[in-house]
Amino acid sequence: MGKGCVKATKYFLFLFNLIFFLFGAVIMGFGLWLLLDNQSFIVLLNDSTAVKVACYILIGAGAFSMLMGFLGCLGAVYEIRCLLGLYFTCLLLILLAQIAAGALIYFQKDVLNEEMSKIVSKVLDNYPGNNSSTEQAWDFIQWSMECCGWNAHLDWNGNMVIVNSSQLLFPCSCQNISLAAGNFSDSGFCEAPTPDWPVYDVGCAASVERWLLTNIGVVLGICLAVALIELLGMILSMCLCRNVHREDYTKVPKF
């Protein structure tokens, strides 16, 4: 490989690692947001150990990506073979881990659905109608996705406010506009004129699954783009590593 090609590869790899560093910062920030934010739908999942573990994994993955981006930039600019080799190995491990995670999610989707059902059931049973952040999040999901409960509106039958009330109450965010009569709120509880609630029959699990199927092309496209970017980084690092003939640690800046 000529000097011009080596130089171009070096700066392409530097640019790639700069983007990778910023991408890692975004992932870490997203993980911190999921863990600390109390004003979004994610508060529904705060009681789940699995979700908290996933947040810590995102934070760790983001920090690791930032470290890799820094090492990759250093190895590319100063042409240090050991750093380029380490960078290639880490990218390969990340790619294999992503494939394993995708396979695990696919084959364990029933377990994930069961975990989600338990979390949502707890939220519905303890829903007092006080317009808290958790309630607002769940009301928004039911209203925007036109669903009721996780599997069906019968999931609300365990709610203590509904059970103990002498009125025929139902969650307002579940109301089906085509069946409801009068003006209802989009949060808290409303009074039904008959025992048959004027609510959506479909559960939110089916609505979420339908949304995923509708947007599966976008999801797969993002996953494929990430995999291709990682492969590009591996190719560039290996090409540069093979054309760096000797170590020169005197190039490394002294901090």
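Reader: Which cysteine is joined to Cys147 by a disulfide?

Author: Cys204 is the partner, with S to S at 2.0 Å. A disulfide here is a pair of cysteine sulfur atoms within 2.5 Å. This is a predicted model, where local features need pLDDT of at least 70 and side-chain atom pairs count only at pLDDT 80 or more, while totals for chains, interfaces and linings use all residues. Residues are numbered from 1 along each chain as its sequence is written, and side-chain values use heavy atoms, leaving out hydrogens and water.

Reader: What's the handedness of the Cys147 and Cys204 link?

Author: Right-handed, with 85° about the S-S bond. Cys147 sits in the loop between helix H5 (133-145) and helix H6 (160-164), and Cys204 is in helix H7 (residues 204-214), so the bond ties together parts 57 residues apart in sequence. Helices (H or I, at least four residues) and strands (E, at least two) are DSSP runs numbered from the N terminus.

Reader: Are Cys147 and Cys204 buried or exposed?

Author: Cys147 and Cys204 are both buried. Buried means under 20% relative accessible area, exposed is over 50%, and partly exposed is in between (1.4 Å probe, protein chains only).

Reader: How many disulfides does a search of the whole structure find?

Author: The search turns up 3. One of them joins Cys148 to Cys174, S to S 2.2 Å. That link is right-handed too, with 95° about the S-S bond. Cys148 lies in the loop between H5 and H6, and Cys174 in the loop between strand S1 (169-171) and strand S2 (189-191), so parts 26 residues apart in sequence get tied together. Cys148 and Cys174 are buried.

Reader: And which residue does Cys172 pair with?

Author: Cys190, at 1.8 Å from S to S. The link of Cys172 and Cys190 is right-handed, at 115° about the S-S bond. Cys172 is in the loop between S1 and S2 while Cys190 is in strand S2, so this pair connects parts 18 residues apart in sequence. Both cysteines, Cys172 and Cys190, are buried.

Reader: What pattern do the disulfides follow?

Author: Counting bonded cysteines along the chain, the pattern is 1-6, 2-4, 3-5.

Reader: How about Cys239, what does its relative accessibility count as?

Author: Partly exposed, at 28%.
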